[in-house]
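Here is a short briefing to read alongside the model. Keep the viewer open and follow the points topic by topic.

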4 protein chains.
Amino acid sequence: MEKNFDFVIQMQVRDYECDLEGIVNNANYLHYLEHTRHEYIKQKGLSFARLHEEGIDLVVARINIAYKTPLRSDDEFISGINITKEGMKYVFHHEIYRVGDEKLCIRAKVESVSIVNGKLADYPPLEALLKN
Amino acid sequence: MEKNFDFVIQMQVRDYECDLEGIVNNANYLHYLEHTRHEYIKQKGLSFARLHEEGIDLVVARINIAYKTPLRSDDEFISGINITKEGMKYVFHHEIYRVGDEKLCIRAKVESVSIVNGKLADYPPLEALLKN
Amino acid sequence: MEKNFDFVIQMQVRDYECDLEGIVNNANYLHYLEHTRHEYIKQKGLSFARLHEEGIDLVVARINIAYKTPLRSDDEFISGINITKEGMKYVFHHEIYRVGDEKLCIRAKVESVSIVNGKLADYPPLEALLKN
Amino acid sequence: MEKNFDFVIQMQVRDYECDLEGIVNNANYLHYLEHTRHEYIKQKGLSFARLHEEGIDLVVARINIAYKTPLRSDDEFISGINITKEGMKYVFHHEIYRVGDEKLCIRAKVESVSIVNGKLADYPPLEALLKN
């Protein structure tokens, strides 16, 4: 894969994430995406849980996700993101590729806003997410 | 609520669906939406699980969801859908409203296709979903 | 069913709770049980989430669950509990029966303790759980 | 940790696995345990999903789990198992330890049986699970 991502992690399907169709249930991809974002935040020296304790919540405002190739039991995958800022929104451009045949599994755009003490507001330390 | 839906169910938040921010985790709304669709399918005399056994899978191709007001522990909500067909896609227009203050919690557009014996194909009995 | 329970709710299987074996995944029964306990607590005028905000957590210390008949897509079920107190533990005796053939699906014993401001302690209002 | 396990994997808490108490929800430990078992099965050259397709299901019959120390956001943990056979049951003795302070998080005994074409039966290739 020659894709350029700001951040990448490798994960594998866990069987309980598959539904009776034998494929990963559509909701579980949002879990994969959230986990990728939180790992990226952690790599930048921040922590989603600690931020929450300090009154700062990164809240998802919109998700647009296209399902391309379903992941199945035993599949491993690469979850990559690029991040941009549009006004007060942090926009995470996600892609998941299956390891092996490098097929695109999902492509998603996740828009998040920061809520500081209950109000929509900028939280400058999050700007670290924008720097490589 | 004076909204007109093809189908409506009432549900309530279960505490395990809330995450450490105390609000329903973004992925769980996709569970609510899927359950609403499957209940609607059941009301039309079809069953998602039985269709799967006969080789017909209704597969989600794209979801566009806007998160408006977060649901919390003890909240009850109304989940409604309208259905249209665009080409071979069944498009489910979802809205979730909180019971009590009638606030819009999420609005989502879910595009599904039918896969018959592994191939994208129309499955005529599903047309029942389009009739009131 | 002539069983005597302190509290009973009726629920139905949601398809996303089934795994690739086509049966409800073993972990999801713990969700059903937790939801039953929290509904019972609510009926007694308490709320798990509000208790948490006041520094009182009902924490599960041990679960012993026997899986008897698997629930499947489209199944409805009765989830009942009886409650006893053993020392500082609240013990929830759970059973789940399938609606229709009344088959026992699971039987479980769940031991909970109350943690008050971070310490194991009795929280007298919870005694309401013991009274019919 | 000087514990001797037949199999060990390291995992980390994902934030969506935590509930409104800020700790991993009790049901999610069963997911950790199942994933550990399925990884062990895979290491032995078998696959839970492929076995299912061939008509062989490893089904959980009983779980006895003691919750000792709650895992939280950002925690990493070691999940280890030892396996014994008692009659037709495969018994998985699980322990999860937190990385760092090596605290025991949960101890569990999971009893599984093999169902071959719908009937309780021995499936000899599974004996590989008993050999180191």
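**A histidine in helix 1 of chain C**

His31(C) sits in helix 1 (residues 26-43) of chain C. Please bear in mind that this is a predicted model. With a relative accessibility of 10%, His31(C) counts as buried, since buried means under 20% relative accessible area. Leaving out residues up to four places away in sequence, His31(C) touches Tyr16(B), Asn25(D) and Ala27(D).

**Helix 1 of chain A**

- Helix 1 of chain A covers residues 26-43, and at 1.5 Å a residue its 18 residues should span 26 Å.
- The C-alpha atoms at the ends of helix 1 of chain A are 27 Å apart, which agrees with that expectation.
- Just after helix 1 of chain A comes Gly45(A), with a positive phi of about 85°.

**Ala66(A) in strand 2**

- Ala66(A) has its place in strand 2 (residues 56-67) of chain A.
- The relative accessible area of Ala66(A) is 6%, and a residue under 20% is classed as buried, so Ala66(A) is buried.
- Setting aside residues up to four places away in sequence, Ala66(A) touches Cys105(A), Ile106(A) and Arg107(A), along with Ala61(B) and Arg62(B) from chain B.
- Between the C-alpha atoms of Ala66(A) and Asn132(A) there are 27 Å, and the two residues are 66 places apart along the chain.

**How chains A and B are related**

**Where chain A meets chain D**

- Chain A and chain D each bring 19 residues to their contact.
- About 1700 Å² of area is buried between chain A and chain D, and carbon and sulfur atoms give 43% of this.
- The interface of chain A and chain D has four salt bridges.
- Eleven residue pairs are in polar contact across the interface of chain A and chain D.
- Which elements give two or more residues to the side of chain A that touches chain D? They are strand 1 (7-12), helix 1 and helix 2 (48-53) of chain A.
- Helix 1 of chain A gives the most to that side, with seven residues.
- One salt bridge between these chains joins Arg14(A) to Glu17(D), where the closest N and O atoms are 3.5 Å apart.
- A network of salt bridges links Glu39(A), Lys42(A) and Asp74(D).

**Other salt bridges to look up**

- Over all chains, the count comes to 36 salt bridges.
- Glu17(C) and Arg14(B) meet through their side chains in a salt bridge of 3.5 Å, N to O.
- Glu17(C) lies in the loop between strand 1 (7-12) and helix 1 of chain C, and Arg14(B) in the loop between strand 1 (7-12) and helix 1 (26-43) of chain B, so this pair joins two chains.
- Glu17(C) is buried at a relative accessible area of 3%, and Arg14(B) is buried at 5%.
- Within chain C, Asp101(C) forms a salt bridge with Arg98(C), and their closest N and O atoms are 2.7 Å apart.
- Asp101(C) is partly exposed at 41% relative accessibility, whereas Arg98(C) is buried with a relative accessible area of 14%.
- In chain D, Asp75(D) pairs with Arg98(D) in a salt bridge whose closest N and O atoms are 3.6 Å apart.
- Asp75(D) is in the loop between strand 2 (56-67) and strand 3 (76-86) of chain D, while Arg98(D) is in strand 4 (residues 89-98) of chain D, so the pair ties together parts that are 23 residues apart in sequence.
- Are Asp75(D) and Arg98(D) buried or exposed? Both Asp75(D) and Arg98(D) are buried.

How values were computed. Residues are numbered from 1 along each chain as its sequence is written. Chains are lettered from A and ligands numbered from 1 in the order in which they are written. This is a predicted model: local features need pLDDT of at least 70, side-chain atom pairs count only at pLDDT 80 or more; totals for chains, interfaces and linings use all residues. Side-chain values use heavy atoms; hydrogens and water are left out. Helices (H or I, at least four residues) and strands (E, at least two) are DSSP runs, numbered from the N terminus. The expected span of a helix is 1.5 Å times one less than its number of residues. Buried means under 20% relative accessible area, exposed over 50%, partly exposed in between (1.4 Å probe, protein chains only). Contact means heavy atoms within 4.5 Å. Buried area is the accessible area (1.4 Å probe) that two parts lose on being put together, summed over both. A polar contact is a pair of N or O atoms within 3.5 Å; within protein, one must be able to donate a hydrogen and the other to accept it, and residues adjacent in sequence count only if both atoms are side-chain atoms.
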